[in-house]
Amino acid sequence: MKKNFKLGVIGCGFMSTAIIKGAINGKILSAEQICVSDINKDALDRIATLGVNTTLNNVDLVSNSEIVLFAIKPQNLNDVLSTIKGSNCKKFISIMAGVKKQKIKNAFPDGKVARCMPNTPCSIGSGAVGLDLSDYKCNRDKKFITLLLSSFAKVVLVDEDKLNAVTGVSGSSPAYFYLFLKGIIESGVKHGLDYEDAKQLAVSTMIGAGKMVEQNANKSLDELINAVCSKGGTTIQAINTYNDCGLSEITEKAIDACVKRASELENL
């Protein structure tokens with residue numbers, strides 16, 4: 001049975017909007033190939049400005065879409081599944097944190113589910129996504145889903161049991177970087193810099209440092225650190241202070257706590 005839409009999206013929030021914009025801007029899909037549903041008509045009116053189709057009826061969306069993307073809050077999934085269960089669709093993508101694929105497959109026993117963990121920088125086309133594609137065997141489907149997510153993020157393929165680790169490393173880590181950045185900026189102000197000047201210097205340096213890592217794949221992080229340090233110089237004093245205060249150990253504990261919570265949510 002030919003479907004009217006290549007991609008149906010349930011939920012019209014921050015992340016689904018980023019995905020839709022990425023798909024259209026990256027020419028992965030045309031706006032006419034996408035249909036979006038939401039209980040909020042104002043949200044649908046906003047997304048409709050991109051030229052996509054919209055509906056308030058999840059059953060119509062699922063029945064008329066080749067692949068359905070779940071982009072709703074996990075606590076709303078049971079209500080949505082209760083209304084669409086048995087609809088004519090077998091291909092799904094989920095970006096819901098803490099929801100195992102099996103929960104969707106319980107409602108669609110013959111369904112295939114790609115589960116992924118995006119992060120907020122996806123909204124500006126510079127994100128990272130951990131993707132489990134193990135349910136899909138068709139190369140055409142795998143290529144489409146990978147291209148869809150690659151339109152706004154770097155995609156790393158992982159098994160589902162690694163997605164909680166992905167949450168700790170990339171899903172939640174923008175907040176870690178913001179916190180570290182905040183400390184650098186506040187220290188700059190303490191030492192006499194204007195806040196906006198300190199912010200510009202720190203943000204530009206963080207972006208540049210990331211690009212240095214990306215563009216020097218043949219060098220280890222230790223080599224890149226040592227390249228900034230000189231014996232008896234300024235940088236080594238800061239690095240020694242970080243090491244004495246246990247920055248690596250603190251980071252490990254923080255990510256352990258994040259991954260633990262992700263596992264707890266998954267098992268609720």
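## Helix 7 against helix 8

Helix 7 and helix 8 run roughly parallel to each other (an angle under 35 degrees). The axes of helix 7 (residues 163-171) and helix 8 (residues 173-190) cross at roughly 30° and come within 6 Å. Thr167, Gly168, Val169, Ser170 and Gly171 of helix 7 make the contact with Ser173, Pro174 and Tyr176 of helix 8. Contact means heavy atoms within 4.5 Å. These contact residues divide into 3 nonpolar, 5 polar and no charged.

## Basis of the model

This is a predicted model: local features need pLDDT of at least 70, side-chain atom pairs count only at pLDDT 80 or more, and totals for chains, interfaces and linings use all residues. Residues are numbered from 1 along each chain as its sequence is written, and side-chain values use heavy atoms, with hydrogens and water left out.

## Aromatic pairs

The whole structure holds 3 aromatic pairs. Rings pair if their centres lie within 6.5 Å; planes under 30 degrees apart count as stacked, over 60 as edge-to-face and the rest as tilted. Phe92 and Phe108 form a tilted pair, with centres 4.6 Å apart and planes at 50°. Phe92 sits in strand 5 (residues 91-94), and Phe108 in the loop between helix 5 (101-107) and strand 6 (112-117). Both Phe92 and Phe108 are buried. Buried means under 20% relative accessible area, exposed over 50%, partly exposed in between (1.4 Å probe, protein chains only).

Phe180 and Tyr242 are also tilted, at 5.8 Å centre to centre and 50° between the planes. Phe180 is partly exposed at 40% relative accessibility. Tyr242 is partly exposed at 33%.

Key
Axes are lines fitted to C-alpha atoms, for helices over the stretch in contact, and angles run from 0 to 180 degrees between N-to-C directions. Helices (H or I, at least four residues) and strands (E, at least two) are DSSP runs, numbered from the N terminus. Angles under 35 degrees count as roughly parallel, over 145 as roughly antiparallel, 65 to 115 as roughly perpendicular and the rest as oblique. Ala, Val, Leu, Ile, Met, Phe, Trp, Tyr, Cys and Pro count as nonpolar, Asp, Glu, Lys and Arg as charged, and the others, Gly among them, as polar. Rings of Phe, Tyr and Trp (its six-membered ring) pair if their centres lie within 6.5 Å; planes under 30 degrees apart count as stacked, over 60 as edge-to-face and the rest as tilted.
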